[in-house]
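My plan is to jot down what I look up, one topic at a time.

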Amino acid sequence: MQEFYQLSQELLLITLVLTGIIFISVWIFYSLNIALNYLIGSCTGVVYLKMLGKNVEQIGAENPKFNKNRLALVVGLLVLASQWNQLQILPVFLGFLTYKATLLVYTLRTVLTPDS
């Protein structure tokens with residue numbers, strides 16, 4: 001379990017670093033409003049990643065239960081973005097997908113780094 005917790009912390013750190021880099025880039029090249037839309041989606045992605053980690057942690061438990069809260073989080077975010085005039089769906093959704101970029105970075109680093 002120690003390796004799992006270490007991996008979870010590493011993925012969270014990579015996600016936060018990517019969020020910061022992308023947020024600043026979007027702010028520079030587009031606008032603060034679009035960057036904040038991205039940040040809302042990215043924060044939701046971090047929450048989703050934490051929820052996913054908790055579900056993976058419970059896999060070995062006696063009473064595994066399926067958690068629908070992750071799906072509700074994504075659907076709620078997209079409904080909120082589509083209904084609120086200040087939010088734009090695409091930056092929010094792409095912000096949410098930042099955790100996927102984290103998994104890609106981690107996978108590439110694992111494959112390209114020789115074993116110690």
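Predicted model: local features only at pLDDT ≥ 70, side-chain atom pairs only at ≥ 80, totals over all residues.

First a term: I call a residue buried when its relative accessible area is under 20%, exposed when over 50%, and partly exposed in between, using a 1.4 Å probe and protein chains only. With that, 28% of the 116 residues in the protein chain come out as buried.

Residues are numbered from 1 along each chain as its sequence is written, and side-chain values use heavy atoms, with hydrogens and water left out.

**Overall layout**

I looked up the secondary structure, with helices (H or I, at least four residues) and strands (E, at least two) taken as DSSP runs and numbered from the N terminus. The protein chain has five helices and zero strands. Its C-alpha atoms fill a box of roughly 45 × 40 × 15 Å along the principal axes.

Next I checked contacts, meaning heavy atoms within 4.5 Å. Of those between residues at least 6 apart in sequence, 67% join residues at least 24 apart.

I also noted the accessible surface, computed by the Shrake-Rupley method with a 1.4 Å probe, where for residues only the protein chains shown count as cover. The protein chain's total is about 8200 Å², and carbon and sulfur atoms own 67% of that.

**Helix α1**

I found 28 residues in α1, and its first and last C-alpha atoms are 41 Å apart, close to the expected 40 Å. That expected span is 1.5 Å times one less than the number of residues. Buried residues in α1 include L11, I14, L18 and F23. Their cover includes α2 (32–57) and α5.

**The salt bridge**

How many salt bridges does a search of the whole structure find? It finds one, counting a side-chain nitrogen of Lys or Arg within 4 Å of a carboxyl oxygen of Asp or Glu. R109 pairs with E10, and their closest N and O atoms are 2.3 Å apart. The two sit 99 residues apart, R109 in α5 (residues 98–112) and E10 in α1 (residues 2–29). R109 is partly exposed at 41% relative accessible area, and E10 is partly exposed at 22%.

**The core**

I then went looking for a nonpolar core, a set of buried Ala, Val, Leu, Ile, Met, Phe, Trp, Tyr and Cys residues joined through side-chain atoms within 4.5 Å. The largest one has 10 residues, among them L11, Y48, V74, L77 and F96. At least two residues each come from α2, α3 (69–83) and α4 (89–96). Which helix gives the most to this core? It is α3, with three residues.

**On the surface**

I24, I28, F29 and Y30 form a nonpolar patch with about 540 Å² of accessible area together. Patches take residues with over 30% relative accessible area and no salt bridge, joining like charges within 9 Å and nonpolar side chains (Val, Leu, Ile, Met, Phe, Trp, Tyr) within 5 Å. Y30 is in the loop between α1 and α2, and I have it down as exposed at 61%.

My last stop was Q58, in the loop between α2 and α3, which is partly exposed at 38%.
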